[in-house]
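Q: I have a model open on my screen and would like to learn how to read it. Could you walk me through its features one at a time?

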Amino acid sequence: TRAICRYLQRMHTGNSNGKLDLSNLSLRTFPDDYARLGVVSTLSLKQNSLRGIPDDIGHFKVLRELAAPNNELIAVSSEIGLLTMLTSLNLDNNLLAGVPSTLSNLHSLTKISLMDNQFVEVPAAIRQLTRLKYLNMDNNHIPLIPNWIGELDRLEEVLP
């Protein structure tokens, strides 16, 4: 019951300030009562047991920051491509080997961190993210950084 109270309190706070922090709640699935929320600009799902980012993520149309590190993610829905206002994406320390190609629709992204996952190459979708300033792919299984990374003019920091 304590966890349920924390969850409800955070949902209420997120509804009032637009910053929804669902970190450290031992969530195994994405909450399905998100529709009650108003405008959410920041969503933190850190330190849970989520296996995927579901299609429901596409409902957060004005989301600017999405953080879901330290979960058990093996998949991210292609609906993430609908989050065109997203500027920061952190999916560190999961089990991801890829991201959907729709990630290329997120032209507002300036920061992506995908370290400590199972990637064997830098996702091709990142090539389209011309506003990207920071890319962290450290501690994956990527033998070479592709030449096209140099085409991302605004990129200030790349961690292999």
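Predicted model: local features only at pLDDT ≥ 70, side-chain atom pairs only at ≥ 80, totals over all residues.

Q: How many salt bridges does a search of the whole structure find?

A: Side chains of opposite charge can pair when their charged atoms come close. A salt bridge here is a side-chain nitrogen of Lys or Arg within 4 Å of a carboxyl oxygen of Asp or Glu. By that rule, the search of the whole structure finds 1 salt bridge. The side chains of Glu151 and Arg127 form it, at 2.9 Å from N to O. This pair links distant parts of the chain, 24 residues apart: Glu151 is in the loop between S8 and S9, and Arg127 is in the loop between strand S7 (111-113) and S8.

Q: What should I know about the model and its numbering?

A: Residues are numbered from 1 along each chain as its sequence is written.

Q: Are Glu151 and Arg127 buried, partly exposed or exposed?

A: Buried means under 20% relative accessible area, exposed means over 50%, and partly exposed is in between (1.4 Å probe, protein chains only). Glu151 has 47% relative accessibility, so it counts as partly exposed. Arg127 also counts as partly exposed, at 36%.

Q: What is the strand order in the open sheet?

A: Strands (E, at least two residues) and helices (H or I, at least four) are DSSP runs, numbered from the N terminus. Two strands pair if DSSP finds at least two bridges between them. Here 7 strands form an open sheet in the order S1-S2-S4-S6-S7-S8-S9, with parallel pairing. S1 (19-21) and S9 (157-159) are at the edges with a single partner strand each, so one side of each has no neighbour in the sheet. As an example of pairing, S8 (residues 134-136) joins S9 in the parallel sense over 3 bridges, and Tyr134 stands opposite Glu157 in S9.

Q: Which residues have the most contacts inside the largest nonpolar core?

A: A nonpolar core is a set of buried Ala, Val, Leu, Ile, Met, Phe, Trp, Tyr and Cys residues joined through side-chain atoms within 4.5 Å. The largest one has 45 residues, and Ile57, Leu103 and Ile126 have the most contacts inside it. A contact means heavy atoms within 4.5 Å. Leaving aside neighbours within four places in sequence, the contacts of Ile126 include Leu103, Ile112, Trp148 and Leu152.

Q: Where is Ser23, and which side chains does it meet in polar contacts?

A: A polar contact is a pair of N or O atoms within 3.5 Å; within protein, one must be able to donate a hydrogen and the other to accept it, and residues adjacent in sequence count only if both atoms are side-chain atoms. Ser23 sits in the loop between S1 and strand S2 (42-44), and is buried at a relative accessible area of 6%. Its side chain makes polar contacts with those of Asp21, at 2.7 Å, and Ser44, at 2.8 Å.

Q: What is the phi of Asn24, and where does this residue lie?

A: Asn24 has a positive phi of about 55° although it is not a glycine. Asn24 lies in the loop between S1 and S2. Gln47 likewise has a positive phi of about 55° without being a glycine, and is in the loop between S2 and strand S3 (52-53).

How values were computed. Heavy atoms only, no water.
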